[in-house]
Amino acid sequence: VPQPYTLASLLLDFESKKPRALARAISVAESGRGGELIRHLFGRTGRAMTIGLTGPPGVGKSTLSSALVRKARSLGKSVGVISVDPSSPFSHGALLGDRIRLTEHFTDADVFIRSMASRGHLGGVAGATADAVLLMDAYGLDVVMIETVGVGQSEIEIAELANTTVVALQPGSGDSIQVLKAGIMEIADIFVINKADHPMANQLRREIRSMMEMLDFSGWVPELVSTQALSGDGVDELWKAIERHAAWLHATGAIASKRAQAFAHQVRQLALGQLQRKLERELRSGVAAGVDPYAAADRVLTAFNVYSDTEEDFGTPHPRATVKGLT
Ligand SMILES: Nc1nc2c(ncn2[C@@H]2O[C@H](COP(=O)(O)OP(=O)(O)OP(=O)(O)O)[C@@H](O)[C@H]2O)c(=O)[nH]1
Ligand SMILES: [Mg+2]
């Protein structure tokens, strides 16, 4: 049960870098009451190196996180790890696994580990996660890692909150086909083939390589790294690849559009959350009763002070990679 606090005292504790203040701030954000905090702290964000780590269940994300934390700590960097399981908000199985995988870092004051659940936040677990990243960044953690399970849409969104997105793949699981299907090619800055000790690891590596040869990338070409997260093999290479990507973002100025993209994403989540609540209220109020669905939608929109506009052209998104020989 959270103790009573005032915004001012929480901010004071946050500024004097009391880890409990960070924990409390994230809890406040998670419950959907983080607006004031973020308003005060947003100006201090943008310094952390943010890394999104996604991939199918059991691929070794938490083991990799733990290994990357070790690496970052060896370089003297403070680290935050956020574990998200958007696919099963009510089961904490995966989060429990993360806890076990990350135990060695629990007593390290410069490592802050947090699991996210979707509670009262307008933007759901993605919204709460976005707030947690901002808070860890504002708190002054050097590195913020976000681990999300799966390869579905919401996971992709969460991974994209970070400046560098690492996609972990599982040998012998048909992951290379999943990569194409789920549009992962579009979001991966770095592919990690974990469990490189697996007999199918080299085949997966070849498949991903030949898949990349079929594409023309504009800008950054995803790197491919093999790791054995348990033994730590390849983790130095992975860290170097992450640093290369971060350096590339800064050198080319691409960092600005990355940040703008994450910002727009969060704004969209918040605005959509508000609209959805309003919409549900309108529907319950009976404003839409007794007419056809189009008329009802118009009435709801009129109540919002917006009007339906089906003619609007939202533009076509710019693809990051195109298939060679097409177009
Ligand atoms: N053989 C082998 N096993 C590994 C390697 N890395 C991780 N594992 C094992 O794979 C299992 C899953 O690892 P986790 O790190 O929990 O995987 P995860 O992706 O975080 O799993 P979820 O969070 O449940 O999706 C554990 O038993 C690890 O010990 C590796 O490089 N080789
Ligand atoms: Mg995990």
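**Salt bridges and surface patches**

Mentor: Start with D189 and K258, which form a salt bridge with the closest N and O atoms 3.6 Å apart. Keep in mind that this is a predicted model.

Trainee: Where do D189 and K258 lie?

Mentor: D189 lies in the loop between helix 8 (175–181) and strand 6 (190–193), and K258 lies in helix 11, so the pair ties together parts that are 69 residues apart in sequence.

Trainee: Are D189 and K258 buried or exposed?

Mentor: Both D189 and K258 are buried.

Trainee: Why would two such side chains pair up?

Mentor: Side chains of opposite charge can pair when their charged atoms come close.

Trainee: How many salt bridges are found in the whole structure?

Mentor: A search of the whole structure finds ten. One of the pairs is R44 with E15, where the closest N and O atoms are 2.8 Å apart. That pair links distant parts of the chain: E15 is in helix 1 (residues 7–15), R44 is in the loop between helix 3 (35–41) and strand 1 (49–55), and they are 29 residues apart.

Trainee: And how accessible are R44 and E15?

Mentor: R44 has 35% relative accessibility, so R44 counts as partly exposed. E15 counts as partly exposed too, at 43%.

Trainee: What does D13 pair with?

Mentor: The side chain of D13 meets that of K18 in a salt bridge, at 3.3 Å from N to O. D13 is partly exposed, with a relative accessible area of 29%, and K18 is partly exposed at 43%.

Trainee: Which residues are linked in a network of salt bridges?

Mentor: R73, D108 and D110 are linked in that way.

Trainee: Let's change topic. Which residues gather in a patch of positive charge on the surface?

Mentor: R277, K278, R281 and R284 do. Of these, R281 has its place in helix 11 (residues 254–285).

Trainee: OK, and which residues form a nonpolar patch on the surface?

Mentor: F42, F263 and V267 form one, and together they have about 270 Å² of accessible area. F263 is also placed in helix 11.

Trainee: Last one. What does the side chain of T164 make a polar contact with?

Mentor: With the side chain of H245, at 2.8 Å. T164 is found in strand 5 (residues 164–169). T164 is buried, with a relative accessible area of 2%.

Methods: Residues numbered from 1 in each chain as written. Chains lettered and ligands numbered in written order. Predicted model: local features only at pLDDT ≥ 70, side-chain atom pairs only at ≥ 80, totals over all residues. Heavy atoms only, no water. Patch = residues over 30% accessible without salt bridge, like charges linked within 9 Å, V, L, I, M, F, W, Y side chains within 5 Å. Areas by Shrake-Rupley, 256 points an atom, 1.4 Å probe, with all protein chains shown as cover. Salt bridge = Lys/Arg side-chain N within 4 Å of Asp/Glu carboxyl O. Lys, Arg positive; Asp, Glu negative; His and termini not counted. Charge placed at Lys NZ, Arg CZ, Asp CG, Glu CD. Helix = DSSP H or I, 4+ residues; strand = E, 2+ residues; numbered from the N terminus. Buried < 20%, exposed > 50% of the residue type's maximum accessible area, 1.4 Å probe, protein only. Polar contact = N/O pair within 3.5 Å; in protein donor to acceptor, adjacent residues only side chain to side chain.
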